[in-house]
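Please look through the sequence and the structure below before reading on.

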Amino acid sequence: MATCWPEPIVSVQSLSQTGVPTVPNRYVKPAHQRPVFNTTQSDAEMEIPVLDMDDVWGKPEGLRLVRSACEEWGFFQMVNHGVNHSLMESVRGAWREFFELPLDEKRKYANSPDTYEGYGSRLGVVKDAKLDWSDYFFLNYLPSSIRSPSKWPSQPPKIRELIEEYGEEVKKLCERLTETLSESLGLEPNHLMKALGGEDKVGASLRTNYYPKCPQPHLTLGLSSHSDPGGITILLPDEKVAGLQVRRGDGWITVKSVPNALIVNIGDQIQILSNGIYKSVEHQVIVNSGMERVSLAFFYNPRSDIPIGPIEELVTENRPALYKPIRFDEYRSLIRQKGPCGKNQVDSLLLSR
Ligand code: OGA
Ligand code: NI
């Protein structure tokens, strides 16, 4: 794995703050990748499912709702998810303050492509690649043995405790969701967790995304089209600014987030484990000229050193194994070299028949 970036890193936030009237060429996407803003009336009315988790946990009808959301959309919003609303607001606020610190302070945490931990502005190490209009902060959360406290920000003062407190709550939520996903696939409640490597061996990381204002939002993307490589992603979106778009057929649906909701999406590893029954759906982020946007993505991942392949019970004569097994550390390192590239990575594991 490369230990340094192929080109000097430019913080997109500082670039935005200089008030450039146009988007530099490095960020201008080819025409076919540029975002579509004008959705038709029927698209505008389409929404990813919103599930009230009080109607889901332990309820047979809830399992059916989860199943259809994961088969059809790969995404849903959760209300009554159990994570404290004021904690959500505080942790997002603390990260917003972090990004408002002077560049020199943030640069103390500058990351490199070997672990990605820290403050960064690009994904992938392909030289001359088109870049995304965002900065981010990435940190490892689970297993706790791989945490590097020196890479966690120390400012604003409460941020470390808030990350830890939020991380614990979201981790519990992911454990609960893993049981629900397992049952919704017709498996024993603990089956999926075992397949992920077990509660004390699973991985998790947190990426806080910062999307600065952009002078020409129609030419670029805050985050290029990708599917999430891991197991389950829990996204805490910005409370005011929309931006996440989810693939629907040939088009994109802009998510209108419900107040205090968390957004769940299925990652590539659950697509693989479920033998393609659950979909890891492509998504991307659009930016705008008026407001910056902050989001927190919590990635809940399988144990990294065991092969992950379709769960035996989900492989049948009518539905033979679709994917060849791969270890998550290997899978992730391929993604980290290339950066976001739609669904190419998971598709590369398809067994030809
Ligand atoms: C991600 C992601 C969406 C967003 O971090 O993988 O898809 O709204 N983020 O920031
Ligand atoms: Ni994503």
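## A first residue

Does H226 count as buried or exposed? With a relative accessibility of 8%, H226 counts as buried, where buried means under 20% relative accessible area, exposed over 50% and partly exposed in between (1.4 Å probe, protein chains only).

The model is predicted: local features need pLDDT of at least 70, side-chain atom pairs count only at pLDDT 80 or more, and totals for chains, interfaces and linings use all residues. Residues are numbered from 1 along each chain as its sequence is written, chains are lettered from A and ligands numbered from 1 in the order in which they are written, and side-chain values use heavy atoms, with hydrogens and water left out.

Distant parts of the chain are linked by the pair H226, in strand β6, and H283, in strand β11, which are 57 residues apart. Helices (H or I, at least four residues) and strands (E, at least two) are DSSP runs, numbered from the N terminus.

H283 is also buried, its relative accessible area being 6%.

## The largest cavity

Three cavities of 30 Å³ or more are present in the structure. A cavity is a set of points, on a 1 Å grid over the protein atoms alone, where a 1.4 Å probe fits but cannot get out; lining residues have an atom within 4 Å of a point. Grid points are joined across faces, edges and corners, and a volume is the space filled by probe spheres set on the points.

The largest cavity holds about 380 Å³ of space. Its lining comprises 25 residues, with L123, R207, P229, I335 and R336 nearest the centre. Helix α9 contributes the most to this lining, five residues.

## The second largest cavity

About 140 Å³ of space lies in the second largest cavity. It is lined by 18 residues, and L223, L235, L244, H283 and A297 lie nearest its centre. Strand β12 supplies the largest share of this lining, four residues.

Note on methods:
1 Å grid on protein atoms, 1.4 Å probe; cavity = no way out; pocket = protein on both sides within 12 Å on 5 of 7 lines; lining within 4 Å.
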